[in-house]
Amino acid sequence: MPELPEVEAVREFLAGALVGQHEIVRVLPVAVSVLKTYDPPVTALEGRRVTGVARHGKFLAVDADGLWLVTHLARAGWLRWQDPLPGGVPRPGRGPLALRVALETGAGFDLTEAGTQKRLAVYVTDEPAALPGIARLGPDPLAADFTEERLAGLLAAERRQLKGALRDQSLIAGIGNAYSDEILHAARMSPFKLAHRLTPEETGRLYAALRSTLTEAVARSRGLAAARLKAEKKSGLRVHGRAGEPCPVCGDTIREVSFADSSLQYCPTCQTGGKPLADRRLSRLLK
């Protein structure tokens, strides 16, 4: 799933490619499920010039002179820039293409979604902040006002485990499964540690790990074409998706805990005092 660093990199890429330069000539939904709003229609974007590109958590928003095309890429969605776009009208149901945006120059971008679970979402609105998914977002962890004190305040009332708290978009916007694993590894904390039980020293450690992990990921992704971002994300991960490999810090074997629709990875030596977390429901290693 694209998370804050990848969406921020796509935002920067599109801002450089679109803003002040190109008029949208056509917006073509290909997958029936992709559009979540119908008024204004997608055709209202046509004839408008792109004036800005913004990010809200994992949401990407393209400003077409006051009317916004907003998308959430979900688990398997992606943006593919093409110059030029292929000719002809794409047929629904053929491949992963969900929506195509064509520019007056002949270039444009496709929103695609792999797999059978179609969760990619596209909205057309004059007020992104009013969309339910954006309205519920917590603070952006890379914002200037996201301080250690603010993080402490957010976690103080959280009776959940750290892994779940970090992934909650209404608590902190933009962190998903992969970067929550990376942050907790950098902070040397168990994913099952209860958020409200952090000491001031532990909160400081978590804050430093959160900011550095996300900042470094954005820096690695900056300037890359959208097509290269997935590979860059994977290459930069130290524990997530690397079960069975040696930890790059201590050399211990990275372990995994599986859930119904996801999994987490961690290093026992770095994060849980050497003890494996065999099962999320049974583990009571850290309290």
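Q: Is lysine 275 buried, partly exposed or exposed?
A: Buried means under 20% relative accessible area, exposed means over 50%, and partly exposed lies in between, with a 1.4 Å probe and protein chains only. Lysine 275 has a relative accessible area of 45%, so it is partly exposed. This lysine 275 is placed in the segment after helix H8 (268–271). Its C-alpha atom is separated by 21 Å from that of arginine 205, which is 70 residues away along the chain.

Q: What should I know about the origin of the model and its numbering?
A: The model is predicted, so local features need pLDDT of at least 70 and side-chain atom pairs count only at pLDDT 80 or more, whereas totals for chains, interfaces and linings use all residues. Residues are numbered from 1 along each chain as its sequence is written, and side-chain values use heavy atoms, with hydrogens and water left out.

Q: How many helices and strands are there in the chain?
A: Helices (H or I, at least four residues) and strands (E, at least two) are DSSP runs, numbered from the N terminus. The chain has eight helices and 10 strands.

Q: What does the radius of gyration say about the chain?
A: The radius is taken over C-alpha atoms, and the globule rule is 2.2 Å times the number of residues to the power 0.38. For 287 residues, a compact globule would have a radius near 19 Å; the chain has 20 Å, which agrees. The C-alpha trace spans about 60 × 35 × 30 Å along its principal axes.

Q: What share of the residues counts as buried, and what supplies the exposed area?
A: Of the 287 residues, 51% count as buried. Accessible areas come from the Shrake-Rupley method with a 1.4 Å probe, and for residues only the protein chains shown count as cover. The chain exposes about 13200 Å², of which carbon and sulfur atoms supply 51%.

Q: What share of the contacts joins residues at least 24 apart in sequence?
A: A contact means heavy atoms within 4.5 Å. Among contacts between residues at least 6 apart in sequence, 63% join residues at least 24 apart.

Q: Which residues touch the most other members of the largest nonpolar core?
A: A nonpolar core is a set of buried Ala, Val, Leu, Ile, Met, Phe, Trp, Tyr and Cys residues joined through side-chain atoms within 4.5 Å. In the largest core, of 33 residues, Leu14, Leu69, Leu79, Phe109, Leu111 and Val122 touch the most other members. The elements that give two or more residues to this core include helix H1 (4–18), strand S1 (24–29), strand S7 (108–113) and strand S8 (121–125). H1 gives the most, with five residues. Another core, of 24 residues, lies apart from it; among its members are Leu151, Leu155, Met189 and Tyr207.

Q: Where is threonine 125 found, and is it buried or exposed?
A: Threonine 125 is found in strand S8. Its relative accessible area is 10%, so threonine 125 is buried. Leaving aside residues up to four places away in sequence, threonine 125 touches Leu67, Trp68, Val70 and Leu131. The C-alpha atoms of threonine 125 and proline 41 are separated by 9.1 Å, although the two residues are 84 apart along the chain.

Q: Where are cis peptide bonds found?
A: Most residues other than glycine have a negative phi, and most peptide bonds are trans. Here a cis peptide bond joins aspartate 39 and proline 40, with omega about 5°. Proline 40 is placed in the loop between S1 and strand S2 (52–56). The bond from aspartate 83 to proline 84 is also cis, with omega near 5°, and proline 84 lies in the loop between S5 and S6.

Q: Which residues have a positive phi although they are not glycine?
A: Aspartate 65 has a positive phi of about 55°, and it lies in the loop between S3 and S4. At 53% relative accessibility, aspartate 65 counts as exposed. Alanine 74 also has a positive phi of about 55°, and its place is in the loop between S4 and S5. With a relative accessible area of 8%, alanine 74 is buried.
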